[in-house]
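Biologist: Thanks for sitting down with me. Could we go through the aromatic rings here, and could you begin with what the word "buried" stands for?

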Amino acid sequence: MKDVIVALDFSGREETLRFLDRFREEKPFVKVGMELYYAEGPSIVRELKARGHKIFLDLKLHDIPNTVKKAMKVLSSLDVDMTNLHAAGTSAMMRAAIEGLTRADGSRPLLIAVTQLTSTSQEAMENDLLIREPIDEVVMHYAKTARLAGLDGVVCSPLEAGKVHETCGRNFLTVTPGVRFAEGEKGDQVRVTTPEKARELGSDYIVVGRPITAAEDPVAAYRRCVKEFLG
Ligand code: C5P
């Protein structure tokens, strides 16, 4: 199911709830990242769940398989709807993550892989990580490995969504940040697309932060995003 995910890049509970209190009619799917989670702990996730939000917990796990499995078990019991890890942790780690996430009744949150971070350049990959292949091939290889390990999708640019679907199948989810309104500020994002363009390119979920959180009227900005993306 396609949706707009609002990135709650706030430093604490009060600011987060003040922002969400502006939404009276809708309950946006929200992303809780490291900053908010490390500041407030699991209680913020429970509170947002109790308020009726779907949650993407964006903690990008990467450790030995046993540790990731146990950590995922904790996240799963928090009843989040989507979470993620680094594909660079290898397929053994990804399979262990799925085991940890899967609840006694067989259900589990969606599990999404980060391939190469969009902040990693070809040069940094070659010099720091000693990976010599072109970065787009590396991204597709990580996506394929994630799919074979049983994951549900990847985080990628909307510009890569089509190729990911070609490589991994239409049902493999693409969760795409880097979205801006046509007339909006890019901020620190380099390659951006509009919600409408992300839809045309086949994104399954768009992750939108500042175009909504920093808007004068965040509810109107959210509605515009939903309208442009979901059509
Ligand atoms: O404010 P903005 O719309 O740029 O926020 C995008 C959100 O998506 C942020 O929470 C950012 O950390 C996250 N993200 C990203 N690029 C990635 C992975 C995650 O922008 N490759």
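Modeller: Gladly! A residue is called buried when its relative accessible area is under 20%, and exposed when that value is over 50%. Keep in mind that this is a predicted model.

Biologist: Then why is Phe29 called buried?

Modeller: Its relative accessible area is 4%, and the cut-off is under 20%, so Phe29 counts as buried.

Biologist: How many aromatic pairs does a search of the whole structure find?

Modeller: Five aromatic pairs turn up. In one of them, Phe29 and Tyr205 have ring centres 5.9 Å apart and planes at 75°.

Biologist: What makes the pair of Phe29 and Tyr205 edge-to-face?

Modeller: Centres must lie within 6.5 Å, and planes over 60 degrees apart count as edge-to-face. With 5.9 Å and 75°, the two rings therefore form an edge-to-face pair.

Biologist: Why do you say that this pair ties together parts that are apart in sequence?

Modeller: Because Phe29 sits in strand β2 (residues 29–33) and Tyr205 in strand β8 (residues 205–208), the pair joins parts 176 residues apart in sequence. Tyr205 is buried too, because its relative accessibility is 7%.

Biologist: And how do you know whether Tyr38 is buried or exposed?

Modeller: Exposed means over 50%; Tyr38 has 58% relative accessibility, so it counts as exposed. Tyr38 pairs edge-to-face with Tyr37, at 6.3 Å centre to centre and 65° between the planes. Tyr37, at 13% relative accessible area, is buried.

Technical notes
Residues are numbered from 1 along each chain as its sequence is written. This is a predicted model: local features need pLDDT of at least 70, side-chain atom pairs count only at pLDDT 80 or more; totals for chains, interfaces and linings use all residues. Side-chain values use heavy atoms; hydrogens and water are left out. Rings of Phe, Tyr and Trp (its six-membered ring) pair if their centres lie within 6.5 Å; planes under 30 degrees apart count as stacked, over 60 as edge-to-face and the rest as tilted. Helices (H or I, at least four residues) and strands (E, at least two) are DSSP runs, numbered from the N terminus. Buried means under 20% relative accessible area, exposed over 50%, partly exposed in between (1.4 Å probe, protein chains only).
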